[in-house]
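Welcome to this structure. Here are some notes to read alongside the sequence and the 3D view, point by point.

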Amino acid sequence: MVYVSNIITVAIAFPFVAIILTVPLLVYHYHRYGSLTILRSVILYSFMFYLVAAYCLIILPLPPRSVVAHLTTPRYNLVPFTFVRGFINSTHFV
């Protein structure tokens, strides 16, 4: 249930963070062009919302360094199309 509460918190916080980041851009566009259209405002807000969401999904859920130190990654596969043979051998594909 902790996961659901985190999602609810993010759903409430993201629009406000996007508004806080969008207001300076809207002021800049109003100063530069002398007017502000609703379409431009919506596009800037949705772009800021996208940037905040992408940042939080990519950067923020970082694991602790102790967990990262113990991770082992698979080795490089330098033989072309070896994945096809592995797929055929591991499935019931006829």
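1. A word on burial comes before anything else: a residue is called buried under 20% relative accessible area, exposed over 50%, and partly exposed in between. With that in mind, look at His 29: its relative accessible area is 15%, so His 29 is buried. Please remember throughout that this is a predicted model.

2. Now for the overall layout. The protein chain contains 4 helices and 0 strands, which reads along the sequence as α-α-α-α. The chain has 94 residues, and 11% of them count as buried. Its accessible surface is about 8700 Å², with 74% of that belonging to carbon and sulfur atoms.

3. Back to His 29, which you will find in helix α1, residues 2-33. What does His 29 touch, leaving aside residues up to four places away in sequence? The answer is Gly 34, Ser 35, Leu 36, Arg 40 and Leu 44.

4. Is Ile 12 buried or exposed? Its relative accessible area is 52%, and the cut-off for exposed is over 50%, so Ile 12 counts as exposed.

5. The aromatic rings deserve a look of their own. A pair of such rings is described by the distance of the centres and the angle of the planes. How many aromatic pairs are there? The count comes to 3. In one of them, the rings of Phe 14 and Phe 49 have centres 6.1 Å apart and planes at 85°; the pair is edge-to-face because that angle is over 60 degrees. This pair links distant parts of the chain, with Phe 14 in helix α1 and Phe 49 in helix α2 (residues 38-58), 35 residues apart.

6. What about the cover of these two rings? Phe 14 has 14% relative accessibility and therefore counts as buried, whereas Phe 49, with a relative accessible area of 31%, is partly exposed. Ring pairs also bring in Tyr 45, linking Phe 14, Tyr 45 and Phe 49 into a cluster.

7. Another pair is formed by Phe 81 and Phe 83. Their ring centres are 6.2 Å apart and their planes stand at 40°, so this pair is tilted. Phe 81 is exposed, with a relative accessible area of 63%, and Phe 83 is exposed as well, at 59%.

8. Stay with Phe 81 for its backbone. Where does Phe 81 lie? It is in the loop between α3 (65-69) and α4 (82-90). Most residues other than glycine have a negative phi. Phe 81 is not a glycine, yet its phi is positive, about 60°.

9. One more residue of helix α2 to find in the view is Phe 47. With a relative accessible area of 44%, Phe 47 is partly exposed. The C-alpha atoms of Phe 47 and Ala 18 are separated by 8.7 Å, while the two residues are 29 residues apart along the chain.

Key
Residues numbered from 1 in each chain as written. Predicted model: local features only at pLDDT ≥ 70, side-chain atom pairs only at ≥ 80, totals over all residues. Heavy atoms only, no water. Helix = DSSP H or I, 4+ residues; strand = E, 2+ residues; numbered from the N terminus. Buried < 20%, exposed > 50% of the residue type's maximum accessible area, 1.4 Å probe, protein only. Areas by Shrake-Rupley, 256 points an atom, 1.4 Å probe, with all protein chains shown as cover. Contact = heavy atoms within 4.5 Å. Phe/Tyr/Trp six-rings, centres within 6.5 Å; stacked < 30°, edge-to-face > 60°.
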